[in-house]
Amino acid sequence: CAKLSSSTQQTQQEILRVAFLGQFGNDAASQILQSALTSNNVNIDLCGKSKQHPSGRGYVMIVPDSGEVSAVISPGSNFYGWSKWGVKNPTDNDQQYATALLTDDEIEQMISPHSLLQLQCEIPDLVNKRLASAANKLNIPVILDVGGEDRHMDRELLQCCDYLIPNETELERLAGHYTDENKDERQQGDDKIETTVQQAIDEIQPLIGQSLHVPTLMQHAKRLQKNGANNVLITLGSHGSLLVRKDVSSILYQPSCPLPSGSRVVDETGAGDCYRAGFAVALLQQQCESSRNASDDDEVLLHCMKFGSAAGALAVTKKGAVPSIPTL
């Protein structure tokens with residue numbers, strides 16, 4: 001799915017409008033999903049519907065005492081239903097495929113009314129690349145949630161994304177698809193980067209504790225940046241989040257937000273999604289309030305990380321993916 005957000009200013013009150021772009025299935029589950037989205041004022045006009053494929057499914061297993069989760073994804077229509085976008089499936093008719101392909105101009109028209117594009121890895125890479133490329137042409141910020149299928153991402157997609165957001169496990173898997181090219185070759189600015197990294201490690205490691213190894217996180221993030229990534233924002237669950245800015249110009253750490261008084265972790269389903277959505281909402285709000293690019297200000301980005309952390313903390317206190325999503 002792609003989530004497109006636009007923000008307008010009316011009587012000094014910010015109004016956030018969200019549009020969802022995905023492929024609904026040919027079953028009753030798609031009606032339930034559409035109803036859940038529209039009842040929460042999410043625009044689904046850009047969505048398609050697959051005649052050949054059922055809706056995708058996510059099977060979530062919860063540890064009752066801790067709320068920890070693991071999930072198995074069955075992709076369905078939202079992975080296989082993108083023929084119109086140029087994704088070839090075995091069941092496609094060649095002639096229909098040839099005549100139904102969306103043009104780049106049409107994709108740009110889809111996203112031009114919006115102020116931010118958020119992508120994830122449960123749809124084909126080609127769709128993500130076409131959307132991200134169009135957003136770049138229109139100077140629309142792009143956030144890519146790495147959750148979903150474990151896959152290699154080519155340099156073109158990494159370069160198109162302003163923020164790459166994996167958790168620590170996804171970061172390790174994604175970085176493992178690349179190598180440190182010219183590892184022994186020194187480049188201009190390397191000494192400054194190494195100093196920035198070491199200072200960050202010295203400051204952040206005591207805050208996180210020994211359960212996570214900050215030098216390894218930094219190594220993975222730098223590898224992705226050498227292969228095209230810009231800002232790498234790593235979510236660390238109860239340990240907070242870590243943002244390695246483009247070219248390692250700075251490294252920001254935000255501790256996790258405490259749970260509301262009297263609350264406990266009930267279900268971690270959707271907590272990472274809520275963090276990413278909260279970060280995106282805060283980024284848009286800050287962009288509306290300032291004449292500067294919000295992404296240029298470390299203090300603004302720390303605020304966005306804190307906002308995302310608060311959204312994730314609220315999400316874990318309730319059961320279910322949709323019922324646990326906090327509202328403004």
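Tyr-59 counts as partly exposed because its relative accessibility is 45%, where partly exposed lies between buried, under 20% relative accessible area, and exposed, over 50% (1.4 Å probe, protein chains only). This is a predicted model, in which local features need pLDDT of at least 70 and side-chain atom pairs count only at pLDDT 80 or more, while totals for chains, interfaces and linings use all residues. Residues are numbered from 1 along each chain as its sequence is written, and side-chain values use heavy atoms, with hydrogens and water left out.

**Confidence**
- The average pLDDT of the chain, the predictor's confidence in each residue from 0 to 100, is 88, and 88% of the residues score at least 70.
- Over residues 9-13 pLDDT stays under 50, and the model has five contacts there beyond four places in sequence, a contact being heavy atoms within 4.5 Å.

**Interior**
- The chain has 328 residues, of which 46% count as buried.
- Leaving aside residues up to four places away in sequence, Trp-85 touches several residues, among them Leu-21, Gln-23 and Leu-131.

**Fold**
- The secondary structure comes to 11 helices and 13 strands, which are DSSP runs numbered from the N terminus (helices H or I, at least four residues; strands E, at least two).
- Tyr-59 is found in strand S6, which covers residues 57-62.
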